[in-house]
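Subject: Structure handover

Hello,

I am passing on the structure for you to look at. Please open it alongside this note.

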Amino acid sequence: MSKKAWALAALFVLLGAVVLVACQPQAEVQTIEVTRVVEGESQTVEVTRVVEQVVEVTVAPTEAPAQPKDLVICQSQEPETLYYYGGSMLAATNVHHAIYEDPYDTLSYAFQANGLEKLPSLEDGDATLSSVEVNEGDVVLKVGDVVGPLAAGDVVMNSDGEEVTFDGTPVMMDQLVADFTMKPLVWEDGTPVKASDSVYSFNLLLDPDTPSTKYTAERTASYEATGDLTTRWTGLPGFRDSTYFINFWYPLPEHLWSGFTAAELLEAEESSRMPASYGAFKIEEWIAGDSIRLVRNENYYRADEGLPYLDSVTFKFIPDTNQLLAQVLSGQCDIVPEPGLEVADAPFLTEAEASGLLVPYFQTGTTYQHIDFAVDTFGDYTDTRYDWFEDVRVRQAMIQCTDRQSMVDNLLFGRSEVIHSYIPSVHPLYPTEGLTEWAFDPEAGNALLDEAGYDQRDADGFRLDPDGNRFAPSLGTTAGNVLRAGMTQIFKENMAACGIDVQLYTLPASEWFADGPEGPLFGRRYDLGLFAWLTGVQPACELYMGNQIPGPSDEINPRTEQPFGSGWGGQNNTGWNDPEYDAACAQALGSLPGTPEYIEGHTRAQQIFSEQVPVIPVFLSVKTGVTRPEVLNYGIDPTQNSHLYNIEEIDLQQ
C-alpha cells in the first residue's frame, strides 16, 4: 500500500473512533409545598405537607463563542524573497496577493480592474491614440522592435501603417496615452498610497540593478503622477501596445524605501522579508524554513465591507508531497495550492473527495505541451537526413497518427483537453470556424504518408523515405520529466503504428533550451522536439513568425530572404515560415484589442497554423489544488497564475 493510501486508511480509523455526545436529560428534584383546607362541622383545619417530585429538565447547549478564523496554507516551496522585483516564484506571488491589492486581474482570458477604478480604453476617452511628429534624435520604436534615437536610414512605421525610411524629413507616427485612477488604498502604517508610489516603482524597475524585465518600461516615453491617485502612461511613438490599458506599476512605499538604492532593496529586510502592506493582510512573522504568518490589516481599504473574512493566514512550507497530503487530511492544513500537488495525485484526491474528507480542484492552465517539427534545420545538420518535414502532408499525417486523447486520459486522468491551436477552445479569440481540428485517424495518416512518397517499407515494417532510408526521426525532450517521458512513449507507439521508427533521447534542460548554435532546439539541430510554451490572455502568434526563426544575425535567412532579425534569441525553433501567416499575425500585433483588424488577424493566423501543422499541439497543463471541506470561496482560474488571487474573500465555515 502506498504512503498516500496508508494516510487515507489511517484517517478513516481516526474518524471511526470519534464519539458524538448528545445532550442528555438531567434529573432535578423539586420541593413543592401543598396546602389543603379541610372543613368540618365545627372547625376548619389547614393541613400542610411537603411533596418531593422528580422532574426531567432538558438542558439547552450553550453556544460557544466565535473562534478566530485562522487559515493555514501549505505549499511545497518557501519564497526566496518577497521583494516585488526580486523574482517570479509562485510561492512569493501567493503571499503578494495577501499583502498587495493587484491593480488588475486576469480571469478567464480577460483583464479586469481591481485596485484601479477601471481599465482605460479608447472608447471611454481615458486612453488616446494620436499622430505625432517625430524628428531626428527623437527616441522612437523602429521597425524590428528596436528602441533608439531616430537617425537617417532608420525604418519606422508611420501613422498610415507604412514602413518608411527616415531621410531627415519629419515623420508622423502613432503614440498611445493612457490615464489610470487608483482606488483609495492605504499602507499598513496608515499612510495613503499615492500615485507617486507607482511612479517610484516604475523608476525602480528601470534601474540597471533591478533584475526584472523592462520591456514595456523601455518603450515608455513618460510615466508620471497627475494627481494624488492618478497616473499617465505615454508610449514611445511607434509603440502600439495591445495591452496599453495595464501599463500601471504596482505601488511601492517610497516613504519607507527612499533611503535604499535599487541594489540594496534586493536584500534589505524592509523589502525582501517584511515588506509593508496595502492589501488585506500584513506580515507578522517569517520563520525561515518553516512559515510566514500574516494578520488582518486594520487599514485595508475594504474593511468596511467586512473584508478580509479571515483573522490570520499562515503559509507553511512542506516540500514533501506525502506530508502535504497527510497534514491536510489531519486538519493541520486548510488549503494546498500550487506549488504543491500535481495532477498525478488526482486518483487519491478523488477518493478522498468521495469520502467527504477533502475538496480537490482541477483546472486547465496556460501552459501547453507540443511536439515541434524541425521544418527547416540549420547548418551541417541539414545534411544528416532527408528533409522529411518540409512536406506539409508528412506533418498532417503524423498529427493524425498521434493519439493525443490517450495522453490526456492516461497521463492526466482525463482532467485536460486536446488543443488544436496555441490557445485553448475556451479562449475568446479561438476561431468559431475555419480551424482544422485534426482527429486521431491512423488510417488517414497512413494513406497520406503513402501519397507523400513514403509507401515503401523495410523488413521490419518501417517506412522508407524518398532517399530509400528508414524514416526514423529522433524525438528529444528534457530529462527527468515524468509527464513528458510518458508522452514520448505513447508517441513512439503511435508512430510505429504508422510505420515511423521514432528514436527517443533526453537532455538536461540547460542543454536542451540553450541558445543556438550550440543548443539543439534553438540551434535548429533536431528532428522532433517536445516542450511547453505559455499561452494567456494575448495569443502568442509571434512564436511562429518568420522573423523569430533563430539564426546568426549577420546572415540572411534563405526562407524569408531577410536577416535573422532576432539572432539566436529567436523563438521559432521550427524554422517554419509562411508569409500569409506572418501577415495575419503582424496585423493582429499591430492592432488594438477589440478592433476588427485585431480579431481578424488572430483568427486567420490560427486557421493557417492549424492547417499547416508546424507543431503538434497536444494538451494544456492542469492546475491542482485541494482544501478542507470547511474552506469557502476558494477556486482556480485558468489565466490567473496564483490560486489565491481572492484571498481577502476566502473564508472558513465554523
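Below are notes on the disulfides.

This is a predicted model, in which local features need pLDDT of at least 70, side-chain atom pairs count only at pLDDT 80 or more, and totals for chains, interfaces and linings use all residues. Residues are numbered from 1 along each chain as its sequence is written, and side-chain values use heavy atoms, without hydrogens or water.

The structure has three disulfides (pairs of cysteine sulfur atoms within 2.5 Å). In sequence order, the bonded cysteines pair 1-2, 3-4, 5-6.

C74 bonds to C333, with the sulfurs 1.9 Å apart. C74 sits in strand β3 (residues 70-75) and C333 in the loop between α8 (321-329) and β17 (335-336), so the bond ties together parts 259 residues apart in sequence. Helices (H or I, at least four residues) and strands (E, at least two) are DSSP runs, numbered from the N terminus. The link of C74 and C333 is left-handed, at -80 degrees about the S-S bond. C74 is buried, at 0% relative accessibility. Buried means under 20% relative accessible area, exposed over 50%, partly exposed in between (1.4 Å probe, protein chains only).

C401 and C498 are linked at 2.1 Å between sulfurs. Their link is left-handed, at -95 degrees. Both C401 and C498 are buried.

C541 joins C585, S to S 2.0 Å. The torsion about their S-S bond is about 80 degrees, so this disulfide is right-handed. C541 lies in the loop between β23 (528-534) and β24 (556-557), and C585 in helix α15 (residues 579-589), so parts 44 residues apart in sequence are tied together.

Best wishes
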